[in-house]
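Please find below a short note for a colleague who is new to this structure. The points move from the chain as a whole to individual residues.

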Amino acid sequence: MSGFSTARLKMVDGQVRTNDVTDRRVLDAMLAVPREAFVPADRQALAYLDLDLDVSEGEAKRFLIKPQLTGKLLQAAEIGEGDNVLVVGCATGYLAALTAKLARQVTATECDSALAATAKAALAALNLANVACKAAACAEGDPSAAPYDVIILNGATEVTPEALLGQLKEGGRLVGVSAESRPPRAMIVTHTHGEFGHRALFDAAAPVLPGLARAAAFVF
């Protein structure tokens, strides 16, 4: 077993399972997808650590969120094999790759066009044919492939993502970290009968996605 394979197994057993992730499909996806393939070569030694991993190539900081939070959000999303899923702010594409193992079709958006190209190449290298990666603002989603059964945020939002909620199918759900209040919490938003229901899942922290930060208050 290679060093990365051993590290992947330790990540799943030591970080993910121990944080109440029991969904077999999620665990299998995390064991199958090489996280190091989505990390710049000079940072691959950090690929399996319990941290939000900076994979930035440009000015804006972009991250792969912690493995344990990734697993918990995927489990909470309850992605079915026939689902059409949107991954928002995919960075280099790791969360999109995991989602592609669970869903029928995945659309992944990334606001940094260079990172979107990196993600596209990494996903193609793994022969994941059911995922499309596009450069787009996080707050905008991708209406062209909507409506979605599931929308999952690769990070946190400090505002209500109205445009994303508008792309949810009736019966659909959005999962991510809400940093609108303190402490930040993982949330699930469900769309039923034209209404949106919000439910807190557990305390969680993640980097805020570009374009989903609260506007700075005006100070005299």
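**Note on the structure**

1. The side chain of Arg214 has a polar atom 3.2 Å from the backbone oxygen of Ala179. This is a polar contact (a pair of N or O atoms within 3.5 Å; within protein, one must be able to donate a hydrogen and the other to accept it, and residues adjacent in sequence count only if both atoms are side-chain atoms).

2. The model is predicted: local features need pLDDT of at least 70 and side-chain atom pairs count only at pLDDT 80 or more, while totals for chains, interfaces and linings use all residues. Residues are numbered from 1 along each chain as its sequence is written, and side-chain values use heavy atoms, with hydrogens and water left out.

3. Arg214 belongs to the segment after strand 9 (195–203); helices (H or I, at least four residues) and strands (E, at least two) are DSSP runs, numbered from the N terminus. With a relative accessible area of 42%, Arg214 is partly exposed; buried means under 20%, exposed over 50%, and partly exposed in between (1.4 Å probe, protein chains only).

4. Leaving aside neighbours within four places in sequence, Arg214 is in contact with Glu158, Val159, Ala179, Glu180 and Ser181, where contact means heavy atoms within 4.5 Å. Arg214 and Glu180 are 34 residues apart in sequence, and their C-alpha atoms are 7.9 Å apart in space.

5. The protein chain contains six helices and nine strands. Its radius of gyration (taken over C-alpha atoms) is 16 Å, close to the 17 Å that the globule rule (2.2 Å times the number of residues to the power 0.38) gives for 220 residues, so the chain is as compact as a globular protein of that length. Along its principal axes, the C-alpha trace spans about 50 × 45 × 35 Å.

6. Of the 220 residues in the protein chain, 50% are buried. Among contacts between residues at least 6 apart in sequence, 56% join residues at least 24 apart.

7. Beyond neighbours within four places in sequence, the contacts of Asn154 include Phe63, Ile65, Val88 and Leu209.

8. Ala45 lies in the loop between helix 2 (24–32) and strand 1 (53–54). Ala45 is exposed, with a relative accessible area of 74%. Ala45 and Leu9 are 36 residues apart in sequence and 15 Å apart in space, C-alpha to C-alpha.
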